[in-house]
Amino acid sequence: MKLALAVALQMAVVFALAQGCSITHKSGDFACTKTADCNTGRDCVDGFCVVSGTGQVDSPVAPGDGRPGDGNGSNGCPAQCTSCSVSQKTCVVDCTGTDCSQTVTCPAGYSCDVKCDTDNSCRNGVVCTGTTNCKVECTGKNSCQNVQCGTGACDVECSGVQSCKAVSCNASCACDVKCTGTQACGSTVTCTAPICRIGPGCSSLPTTCHSCM
């Protein structure tokens, strides 16, 4: 009888140990180093993904989920963005992977980076009027026409051959238009004020040309 009891006790201990080894420790799955590692609406706090404004731990982000979008509005990204960070309100439009033959309109409330890096890209306008700040990189030949800055900082780099036709700083708080490409800009750039004009482009360096808070 004692032998049978001892055997039964030994088997119970072995079973318990086996069960303990099979436990999935979810806390490791929730680990993060930055907010981009977490699902949309979650922040990386003390190394773990938590729901914004709460202490609730969220499940880890699967590859490609909740991170930069694919240009069709999935994962919370605005449809026009090739990639984005919803939590940080940043949007990248890269004409290498996105059709930029139509007007490129940056999403309102976002910081936007438009990469007009293919020939003849962004020829039907780039609209940054609703952005917090905007950067337009016109590296493709004959790229960028009718670029409209908003009230935030606006940086237009015209390094492509014959790039940047009709760039308007409008009421940008700091507008820089750099015309380094061959036959770039011409006389089609409008600065926020005459004093802000530097060569064919514009500069925010003069005191009266920079009013960003």
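**View 1. Cys158 and Cys164 are both buried in this predicted model.** A disulfide joins Cys158 to Cys164, with an S to S distance of 1.9 Å. The torsion about their S-S bond is about -95°, so the link is left-handed.

**View 2. A disulfide links Cys196 and Cys209.** Their sulfur atoms lie 2.0 Å apart. The link is left-handed, with -105° about the S-S bond. Cys196 sits in the loop between β13 (189-190) and β14 (197-198). Cys209 belongs to the segment after β15 (201-202), so the pair ties together parts that are 13 residues apart in sequence. Cys196 is buried at 1% relative accessibility, and Cys209 is buried at 2%.

**View 3. Cys95 and Cys100 are joined by a disulfide.** The S to S distance is 2.1 Å. This link is left-handed, at -100° about the S-S bond. Cys95 is buried, with a relative accessible area of 7%. Cys100 is buried too, at 5%.

**View 4. The largest nonpolar core has 37 residues.** Val114, Cys122, Val126, Val136, Val156 and Val177 have the most contacts inside this core. At least two core residues come from each of β4 (90-94), β6 (111-116), β8 (133-138), β10 (153-158) and β12 (174-179). Beyond its neighbours within four places in sequence, Cys122 contacts Cys95, Cys100, Val104, Val114, Cys116, Cys144 and Gln145.

**View 5. The whole protein chain has two helices and 15 strands.** Of its 213 residues, 35% count as buried. The chain exposes about 11400 Å², and carbon and sulfur atoms supply 58% of that area. The whole structure holds 14 disulfides.

Notes: Residues numbered from 1 in each chain as written. Predicted model: local features only at pLDDT ≥ 70, side-chain atom pairs only at ≥ 80, totals over all residues. Heavy atoms only, no water. Core = buried A, V, L, I, M, F, W, Y, C linked by side-chain atoms within 4.5 Å. Buried < 20%, exposed > 50% of the residue type's maximum accessible area, 1.4 Å probe, protein only. Helix = DSSP H or I, 4+ residues; strand = E, 2+ residues; numbered from the N terminus. Contact = heavy atoms within 4.5 Å. Areas by Shrake-Rupley, 256 points an atom, 1.4 Å probe, with all protein chains shown as cover. Disulfide = S-S within 2.5 Å.
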